[in-house]
Amino acid sequence: MSDEQKKLNTDPGGGFKPKFNFYWVYGFIALAFIAIQFMNTSTVEEITWQRFETELLKERYVDKIVVVNHERAEIFLTEDAKKSGKFKEESSNSMIPTEETPSFFFNIGSVETFEKKLEDAETAVGITKPIEVSYHSRTSVVSELLNWGFPIIMIVVLWVILFRRMNGGGGPGGANIFSIGKSKAKVFDKEENNININFDDVAGLEEAKVEIQEIVDFLKKPEKYTLLGGKIPKGALLVGPPGTGKTLLAKAVAGEAHVPFFSMSGSDFVEMFVGVGASRVRDLFGQAKAKAPCIIFIDEIDAIGRARGRNANFGANDERENTLNQLLTEMDGFDTNTGVIILAATNRADILDKALLRAGRFDRQIHVELPDVTERKQIFDVHTKPLKIGEGIDREFLAKQTPGFSGADIANVCNEAALIAARKNHSEVGRQDFLDAIDRIIGGLEKKNKIITLEEKRTIAFHEAGHATVSWLSKYASPLVKVTIIPRGQALGAAWYLPEERKITTTEQITDELAATLGGRAAEELMFGKISTGALNDLERVTKQAYAMVSYYGMSEAVGNLSFFDSSGQNEYGFSKPYSERTAELIDKEARRIIDEAYKKAIDLLKTHKEGLVKLGDLLLEREVIFTEDVERIFGPRVGTSSTVWEPIKAKTEELTTTDLHAPEDPTTLIPEDNKPEELA
């Protein structure tokens with residue numbers, strides 16, 4: 001509890017005054033009902049009919065009988081009986097006062113049966129004057145309250161609790177059902193809820209930060225832009241793969257801007273009730289107008305921004321479409337939202353509605369791409385600050401080992417490295433811990449105790465040796481750095497590569513990559529004369545790549561310069577292909593031709609260098625892990641690799657031993673283009 005809250009809850013006398021809780025009322029009501037129930041209980045003794053007949057009726061002690069509500073017979077004794085001392089004087093705690101208090105009572109089944117039994121008993125004991133019997137109807141106010149009031153009170157209490165739950169326990173907008181259409185946006189203001197993240201905490205993304213910084217500057221000094229007649233963009237859409245820092249960049253904007261910042265997720269607009277999403281959009285912009293100038297940030301806007309008419313659910317009245325329509329109206333409708341800037345983030349910009357992306361709404365699309373090697377080094381600098389790392393940790397070296405990693409992946413690498421170092425009881429996080437963490441994230445945890453037969457192990461070894469051999473001897477294939485036959489995750493073996501970080505890829509480069517991928521299957525056929533199911537992952541990759549070459553990239557002379565790739569996503573739910581059946585057959589034929597040619601190239605290379613393949617396979621069986629220098633000793637220097645890629649690898653691995661697999665300075669691990677090793681499934 002803060003000091004201000006303590007001041008509010010302290011009485012003038014200096015004592016602590018507890019804060020009132022509404023649930024106390026429920027407790028007081030329950031205690032009141034319990035007290036009333038005890039106060040309404042009677043101490044009148046209940047007796048049986050036999051005792052009534054033998055002890056009271058036979059001795060002429062009964063003065064009168066009062067039947068209450070046709071179900072309870074109250075017995076009043078004569079004065080002589082009371083004075084005899086045989087019976088104690090009874091009293092009642094009933095809140096309903098009566099003229100007299102009965103001494104005993106018993107329950108009767110029906111009035112007719114009671115009267116008949118009483119008449120027979122009087123005759124049996126010789127009573128000539130019948131005992132006076134009267135019938136009363138008695139109503140207890142407390143009983144009626146308990147019977148009728150208590151269920152109603154319980155229903156009301158449950159109703160209140162239900163509404164509180166539906167509103168998130170009294171969250172934004174109040175704690176009742178009438179506020180369900182209120183916005184759930186969290187407001188970050190300069191007075192309170194400050195965020196301790198700024199642009200210095202966002203590594204890389206320099207171009208994105210420039211555009212975002214311009215928006216922040218406009219809110220701080222609008223006259224700098226309006227003086228020249230310019231207008232700041234109304235909205236900016238952050239687009240990029242998952243984990244690249246879109247939300248982090250928005251948090252930095254909240255930390256940098258000294259204006260109110262409304263943060264909300266796209267899914268927060270969607271509710272089970274019809275019309276709630278549109279109502280929350282109106283309320284959000286209403287709050288923003290009241291606090292303008294300000295920024296609205298909608299994370300994962302694709303939850304409500306999907307293109308209209310392309311929903312797989314063919315409903316006539318889609319709640320998401322209604323929410324999107326209201327959002328479009330608020331962003332650039334008849335009413336202007338002066339000083340309100342909208343930021344949004346998504347990794348599915350292709351499915352967003354075109355009206356949402358037009359000028360006047362989201363004027364700018366800021367692409368937040370995967371970081372390059374320089375940006376990865378900066379990200380490592382940020383995430384290694386809280387770690388206790390050893391001397392000589394080269395962050396540039398680590399950045400080169402993680403091509404294709406996003407900022408979130410690098411953060412995970414640093415965390416895994418710290419966990420691995422702690423597991424090994426190290427006093428600091430070393431380079432080997434980082435390399436093990438990269439291996440762990442890419443291929444999974446090592447399973448050295450997995451039971452594998454000698455024949456299977458030999459097949460796996462030559463399968464991976466085939467990958468290593470073909471990739472080493474192919475001019476344009478990615479350079480290989482590590483091959484292992486130790487099972488990791490679902491893979492029985494894996495090969496790590498370091499692909500060049502290039503923006504375009506030629507046909508020759510893709511063909512060599514296909515041949516290297518098929519090298520494992522080719523080695524099995526060449527060495528054993530039979531194939532196994534271990535090439536499943538390899539075949540899946542080459543099939544997808546071959547079809548992409550033909551149908552997307554236009555790398556087939558037979559098909560020509562045609563691309564059937566749909567970047568707009570318009571055919572996402574289409575029922576027909578954008579080409580004829582004859583073209584489909586041609587695509588199948590060309591994809592098969594490309595794969596067959598790549599496989600033939602792999603077979604030819606392995607036949608020519610079969611002696612080296614056998615040496616490499618035997619070395620793998622002996623040591624389970626081999627590195628670049630092992631392959632270089634067998635096949636000689638690699639031809640065709642760019643010095644900018646290969647020399648840093650070679651410089652780092654030359655000083656490392658390969659005879660001791662558990663040496664503290666294990667060579668680098670390299671990563672294929674899709675962040676997955678070629679694995680033997």
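With which residue does Asp-630 form a salt bridge, and how far apart are the closest N and O atoms? In this predicted model, the partner of Asp-630 is Arg-633, with the closest N and O atoms 2.4 Å apart. A search of the whole structure finds 18 salt bridges, while the count of disulfides comes to 0.

- Asp-630 and Arg-633 both belong to helix α24 (residues 628–635), where they are 3 residues apart, about one turn of the helix.
- Asp-630 counts as buried because its relative accessibility is 1%, whereas Arg-633, at 58%, counts as exposed.

**Other salt bridges**
- Asp-381 and Arg-395 meet through their side chains in a salt bridge (3.3 Å, N to O).
- Asp-381 lies in helix α14 (residues 373–383) and Arg-395 in helix α15 (residues 395–400), so this pair ties together parts 14 residues apart in sequence.
- Both partners are partly exposed, Asp-381 at 25% relative accessibility and Arg-395 at 23%.
- The side chains of Arg-51 and Glu-45 form a salt bridge at 2.9 Å, N to O; Arg-51 is partly exposed at 26%, as is Glu-45 at 31%.

**Surface patches**
- Ile-152, Val-156 and Val-160 make a nonpolar surface patch of about 240 Å².
- Val-156 is located in helix α6 (residues 141–166) and is partly exposed, with 47% relative accessibility.
- A surface patch of negative charge gathers Asp-63, Glu-79, Asp-80 and Glu-132.
- Within helix α4 (residues 79–83) is Asp-80, which is exposed at 59% relative accessible area.

**Cysteines**
- Cys-294 is buried at 0% relative accessibility, and Cys-414 is buried at 1%.

Conventions
Residues numbered from 1 in each chain as written. Predicted model: local features only at pLDDT ≥ 70, side-chain atom pairs only at ≥ 80, totals over all residues. Heavy atoms only, no water. Patch = residues over 30% accessible without salt bridge, like charges linked within 9 Å, V, L, I, M, F, W, Y side chains within 5 Å. Areas by Shrake-Rupley, 256 points an atom, 1.4 Å probe, with all protein chains shown as cover. Salt bridge = Lys/Arg side-chain N within 4 Å of Asp/Glu carboxyl O. Helix = DSSP H or I, 4+ residues; strand = E, 2+ residues; numbered from the N terminus. Buried < 20%, exposed > 50% of the residue type's maximum accessible area, 1.4 Å probe, protein only. Disulfide = S-S within 2.5 Å. Lys, Arg positive; Asp, Glu negative; His and termini not counted. Charge placed at Lys NZ, Arg CZ, Asp CG, Glu CD.
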